[in-house]
Amino acid sequence: IDEWSYELWELDPNPSHDPIYDIFRARGDGHYARGHFADAISDYTNALAGCRNAKDLELMYLHRGVAYGETGKWTDAIEDYTEVLTRNGERIDALINRGAAYLNCGDIDQGLQDTQKAHDLDDPYSESHYLIHSNLADGYLKKGELDEAIKHCTEAIELEPAFREPYELRSKAYESKGPQYRKLAETDKRKARKLERKEEGRGQP
């Protein structure tokens with residue numbers, strides 16, 4: 001670290017932030033890309049110590065929150081996303097991620113609240129809008145509001161028809177509505193299985 005830091009100072013003797021931040025952030029991103037989430041968390045924590053501006057702090061709390069989520073440490077993830085949102089209350093990716101973390105913790109109402117706020121702020125044609133609808137569907141399904149879950153599954157499917165998760169969620173919602181919806185549930189299950197087989201085929205060498 002000291003050697004890399006010295007080299008960075010030579011390139012820019014008056015950097016806008018501590019070179020240690022660049023080093024730990026870059027290494028943390030590398031660990032994350034390889035699935036080494038605990039190592040990524042450690043490096044992002046060290047990078048936070050080198051942050052000199054609000055933008056860097058937002059980014060590192062966001063990255064560490066995502067890494068915490070990958071390890072199932074949802075409470076820690078929520079704390080980091082809250083740090084981001086304290087600085088920028090309309091940051092959509094932090095709202096989406098904190099909403100998902102709350103849903104995974106079982107705090108359905110708070111999860112839906114964050115996700116709905118992200119929905120209201122987001123461009124309806126953005127890539128993230130699919131994830132928002134999928135997460136809303138998951139939350140409403142867990143809450144037992146089946147028609148809302150089905151509505152958001154359908155909107156997610158319209159945005160990204162090649163993704164299987166909304167079909168799986170919608171089939172569960174139809175099943176929960178009773179036997180008169182069995183055919184619709186089976187249709188969605190078949191579609192989800194077909195998409196899953198495609199995914200498996202793409203993953204083969």
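Modeller: A residue is called buried when its relative accessible area is under 20%, exposed when that area is over 50%, and partly exposed in between. The model you are looking at is a predicted one, and the structure in it holds three aromatic pairs. One of them is formed by Y130 and F163, whose rings lie 4.9 Å apart, centre to centre, with 80 degrees between the planes, an arrangement that is edge-to-face. Because Y130 lies in helix 8 while F163 belongs to the loop between helix 9 (146–159) and helix 10, this pair ties together parts that are 33 residues apart in sequence. The two partners can also be placed by their accessibility: Y130, at 10%, counts as buried, whereas F163, with a relative accessible area of 35%, is partly exposed. Another of the aromatic pairs joins Y174 and Y181, and this one is stacked, with 6.0 Å centre to centre and 10 degrees between the planes. Here Y174 has a relative accessibility of 12% and therefore counts as buried, while Y181, at 26%, counts as partly exposed. As for the surroundings, helix 8 (128–143) and helix 10 (165–177) are among the helices that each supply at least two residues of the lining of the largest pocket. That pocket has a volume of about 430 Å³ and is lined by 22 residues, with W74, A100, N104, L131 and N135 lying nearest its centre.

Terms used:
Residues numbered from 1 in each chain as written. Predicted model: local features only at pLDDT ≥ 70, side-chain atom pairs only at ≥ 80, totals over all residues. Heavy atoms only, no water. 1 Å grid on protein atoms, 1.4 Å probe; cavity = no way out; pocket = protein on both sides within 12 Å on 5 of 7 lines; lining within 4 Å. Points joined across faces, edges and corners; volume = space filled by probe spheres on them. Helix = DSSP H or I, 4+ residues; strand = E, 2+ residues; numbered from the N terminus. Phe/Tyr/Trp six-rings, centres within 6.5 Å; stacked < 30°, edge-to-face > 60°. Buried < 20%, exposed > 50% of the residue type's maximum accessible area, 1.4 Å probe, protein only.
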